[in-house]
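Please look through the structure below together with its sequence. The briefing that follows starts from one local feature and then turns to wider topics.

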Amino acid sequence: MIVIIFLVIVALLAFWIIGSYNRLVGMKNQVLNGWRQIDVQLKRRHDLIPNLVNAVKGSMDFERDTLTAVMEARAKALTATGPADAAQKEGQLTQALGRLIAVAENYPTLRSNENVRALMEELTGTENKVGFARQFYNDIATKYNTAQQVFPTNLFAAALGFKSAELFEITNEAEREVPVVDLSRK
Amino acid sequence: MNLYEQQAANRRKTWLIMSAFVVFLLLIGAGFDVFYIGEAGGFVPVGSLLALSVGSVSSLVSYYAGDRAVLLATAAKPVDALAAGASADERLKLQQLTNVVDEMAIAAGIPAPRAYVVPDSDPNAFATGRGPGRSSIAVTQGLLDALDREELQGVIAHEMSHIRNLDVRLMTIVAALVGTAALLSEWARRGMLSGGGGSSSSGRRSSRDKDSGGGGAVMLVFFVIWAIAILAAPFVVQALAMMVSRKREYLADASGAELTRNPLGLARALEKIESAVAPTQSINRGSAHLCITDPLGRQVNLKEGFWSDLFASHPPMPARIAALRDMAYQGRTA
């Protein structure tokens, strides 16, 4: 009798661990997929910037510093590895872009240029997509981390090879202030 | 009520409505078997089988064609097609719409729906389709002209929430079943009025001959239920659809705000939409419950209460705006 009870308990425990393991695998893949979504948007952003810089270069000759800062930040962002590193370097790129856009606001010829306006809208869209992809990623990464850290899953999550996911966080206080990127305002 | 409860509730309602529909089909079919065919068809329930198969095929076809039918009825055009012949300003607006739809799809974590524009100057928007990945969002030209980027984002987030919450799928199913129920009850009514009358009474008489008087009374009750089911079915399903509609709008507002993290964008958009009171001409009664605001501009939407719950498709606009402003206030103090 005791043996049977013991076996039942062991079987229940095994089922429960298998269930938790599969749930964590599912969440891990969601997190990876979320990260890929951010990556896609970051790549679009990197592709867009040279176009924008070329489009405004002619009209902003004496703002060369701003333009070089953007291109340098972009080059650095291309070398980023992993969410935390990328978050930091992309943050710097966001800052540089914010300055560029703020400066461009002062040039009426740029504001009325159809090509520049279309590029600015694409940039706004891409910035937002990066932001929303990050929001989505951080939400599911936090859920994944919580699922690993709650008792009693925390007793075996690490032993099964699960690591907590890095959040895509903005570390620098100044970067938190997202500049208004909106030339399309009515 | 949160997103997952709403999804679960919608799945439950979907099953409930579909089961009720199967019962309705069987009732119609069984009525035919009993009153018209009787012993002539042997013991094969021809009517039931016919009703079931016609009903299923018709519902499936309407379900899969549902979103195309709605888009066609409102004369909505896909954004890409419009962008080709548009002026620079219009093209920028369309580009903005495409971007905002993509942004909100990313925020909601679902595949991006297709974006459409309805040529109507009254601001309104709706979503249609069969769930995430197989849906479309349409906005009117008036909405596109009136709103700025932030406000447009709020509206699209609201529609995206309807798709993600499975509201849109439930509505497409309900629409398909309403159409089929109307079709079948129309057929059954014609059957009752025309040649069926004689055979109906003879069918009842023959069963009365065999059974006792009590059996005849049971048959009569069954006949009354059958007739009422046929006559009332389309209205009952429609009322069901309306009753689920109002709560959903608050939830879609709230989860839309969760996507944009900016409740004020939608609040301002709703204010602008409300100030344009003209009915949306190109959206008819059948698609009213899909829209962000009632396209018919009915007074019943301005009140709360039992009758409004029964007949209005949308909660009062001031209440929605106030709820969104509350959210923004909480966000600031937190």
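**A hairpin and its surroundings**

In chain B, β3(B) and β4(B) make a hairpin with five residues between them, and G131(B) in the turn has a positive phi of about 105°. Helices (H or I, at least four residues) and strands (E, at least two) are DSSP runs, numbered from the N terminus. This is a predicted model, in which local features need pLDDT of at least 70 and side-chain atom pairs count only at pLDDT 80 or more, while totals for chains, interfaces and linings use all residues. Residues are numbered from 1 along each chain as its sequence is written, and chains are lettered from A and ligands numbered from 1 in the order in which they are written.

**The strands**

- β3(B) and strand β4 (residues 135-140) of chain B pair in the antiparallel sense over five bridges, where pairing requires that DSSP finds at least two bridges between two strands.
- Within this pair, F126(B) stands opposite A138(B) in β4(B).
- Strand β3 (residues 125-129) of chain B is mostly covered, with five of its five residues buried; a residue is buried if 20 or more other C-beta atoms, placed from the backbone, lie within 10 Å of its own, exposed if 12 or fewer, and partly exposed in between.
- A125(B), A127(B) and G129(B) point one way from β3(B), whereas F126(B) and T128(B) point the other way.
- In a regular strand the side chains alternate between the two faces of the sheet.

**The nonpolar core**

- A138(B) is, with M104(B), V155(B) and I156(B), among the residues that touch the most other members of the largest nonpolar core, which has 85 residues; such a core is a set of buried Ala, Val, Leu, Ile, Met, Phe, Trp, Tyr and Cys residues joined through C-beta atoms within 7 Å.
- Helix α7 (residues 167-193) of chain B gives the most to this core, namely twelve residues.

**Domains and chains**

- The domain assignment of chain B gives domain 1 (3-64 + 170-233) and domain 2 (71-169 + 241-333), with bounds that come from an automatic or database domain assignment.
- Eleven residues of domain 1 of chain B are in contact with 14 residues of domain 2 of chain B, contact meaning that the C-beta atoms of two residues, placed from the backbone, lie within 7 Å.
- On the side of domain 1 of chain B that touches domain 2 of chain B, the largest share, six residues, comes from α1(B).
- Between the chains, twelve residues of chain B are in contact with 16 residues of chain A.
- Helix α4 (residues 88-108) of chain B supplies the largest share of the side of chain B that touches chain A, nine residues.
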